[in-house]
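My notes are below, in the order in which I looked things up.

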Amino acid sequence: MKACIMCGGKGTRLRPLTFDRPKPNIPIINKASVVHLVEQLAKEGFTEIIITLGYMGDKILEELGDGSMFGVHVEYVYEETKLGTAGGVKNAEKYLCDEPFLVVGGDHVMDLELRTMYRFHELNDAIITIGLLSIDDPREFGIADMDVNNRINRFLEKPGPGEIFSNLASTGIYMCDPEIFKWIPENQPYDFAKDLFPSLMAEDRRINGLLVRGHWTDVGNPAAYRQAQRWMLESMPGTTIEGHFNTKDSRINGPLKIGNNVVIGSNSAVVGPVVLGENTTIGDNVLIGPYTTIGSNCVIKDGCRILSSYIFNDVTIGSNCNTSGTVIDNTTVVGQNCSLENGTVIGPRVHIGNNSTIHSNVKIWPDLTIKSGSTMQDNLLNPDYG
């Protein structure tokens, strides 16, 4: 079975995490998000994968290669200009024109039963089947009005107040017949939800919906990113230790995933689910709370409290710091006695001076220095990055 992964976007809502990498390469439990996606597709039987590339596409190619290490075959198609969702898939038509295929976004994190969706589409006569999920707040998604026979009669992208006629949100996962290529113009921007679906409905062409079950999110903003990390951690089956692990009299409760050469100091406590990358050192009297990931080559010094935070690689956090619901990108240094409040996002190569406080939901762009004793209440942008 074939699948097309759309990886063309810049991920502007996830900045500053997408300055050094494309959105599909943002780590989830210390592994690129797109790797999790490819592994899920392989598990569901989609072994022929076509990836449409745009922003920093070469980094995705470096991550996945030809796909053989994941048991799939990967082909890449580059977009010279922005073509939209449907236009990007049209650009890969030569690989997809001979059989029904799945379309997913490169920022999707999920455990849905995609094989079931494929079989449902095969047994019905719709040109497209859309995966639908009932959610509490569908304002950031396309919503569908579906009848008892699975036919979608109305579709509205990102409804405003008074327009929410359904809470069935499109996951952006589509099963498509190759016939859709007749409806998509070449070499021009064209979108599934805004352009293709209205055109098909205007011609009374059938579009089906399928109610899917399980976890799904598109990692489109920091809150969705934290949510994806959280449920991936919740799904950890138990504790795994990869290689050498050194601890003194720490208190450890799983589930945990611990990389090679991890050291945990005296009287520290780790309460899972937690992932610790290789060559990471945890000091004495440190509390690491549930739903935390710490990357490789990190140093967490004495007396810190790391709670529901997502720390990338080569990060140093000074003694007696507190991070709560924080995302910290590569090679950042946090001085001692600092507090990083819930929802803060710290870009790569930032240096935060001692005794500083970063207020909730503040974002700090890459390569900046925060003076000691600072209190940051607003986003801090680096003009070198736009």
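**Entry 1: a charged pair**

I began with Glu93, which counts as partly exposed at 26% relative accessibility. This is a predicted model, so I am reading computed values throughout. I then looked for the partner of Glu93 and found Lys90: their side chains meet in a salt bridge, 3.1 Å from N to O. Lys90 has a relative accessible area of 11%, and because the cut-off for buried is under 20%, I noted Lys90 as buried.

I also followed salt bridges that share partners, and they join Asp20, Arg349 and Asp367 into one network.

How many salt bridges does the structure hold? I get twelve. One of them pairs Arg21 with Asp329, with the closest N and O atoms 2.8 Å apart. I placed Arg21 in the loop between strand S1 (2–7) and strand S2 (27–28), and Asp329 in the loop between strand S29 (327–328) and strand S30 (333–334), so this pair ties together parts that are 308 residues apart in sequence.

Are Arg21 and Asp329 buried or exposed? I found that Arg21 is buried and that Asp329 is buried too.

Next I checked Lys31 and Glu39, whose side chains form a salt bridge at 3.0 Å, N to O. Here Lys31 is partly exposed, with 30% relative accessible area, and Glu39 is partly exposed at 33%. A reminder to myself: side chains of opposite charge can pair when their charged atoms come close.

**Entry 2: a nonpolar patch**

Which residues make the nonpolar surface patch of about 180 Å²? I listed Val271, Leu287 and Leu307. I looked up Val271 in particular: this residue lies in strand S19, residues 269–271, and is partly exposed, with a relative accessible area of 31%.

**Entry 3: the whole chain**

Stepping back, I counted seven helices and 37 strands in the protein chain. The radius of gyration is 22 Å, close to the 21 Å that the globule rule gives for 386 residues, so the chain is as compact as a globular protein of that length. I also noted the span of the C-alpha trace along its principal axes, about 65 × 40 × 40 Å.

For burial, 54% of the 386 residues count as buried. The chain exposes about 16300 Å², and carbon and sulfur atoms supply 45% of that area.

Methods
Residues numbered from 1 in each chain as written. Predicted model: local features only at pLDDT ≥ 70, side-chain atom pairs only at ≥ 80, totals over all residues. Heavy atoms only, no water. Salt bridge = Lys/Arg side-chain N within 4 Å of Asp/Glu carboxyl O. Helix = DSSP H or I, 4+ residues; strand = E, 2+ residues; numbered from the N terminus. Buried < 20%, exposed > 50% of the residue type's maximum accessible area, 1.4 Å probe, protein only. Patch = residues over 30% accessible without salt bridge, like charges linked within 9 Å, V, L, I, M, F, W, Y side chains within 5 Å. Areas by Shrake-Rupley, 256 points an atom, 1.4 Å probe, with all protein chains shown as cover. Rg over C-alpha atoms; globule rule 2.2 N^0.38 Å.
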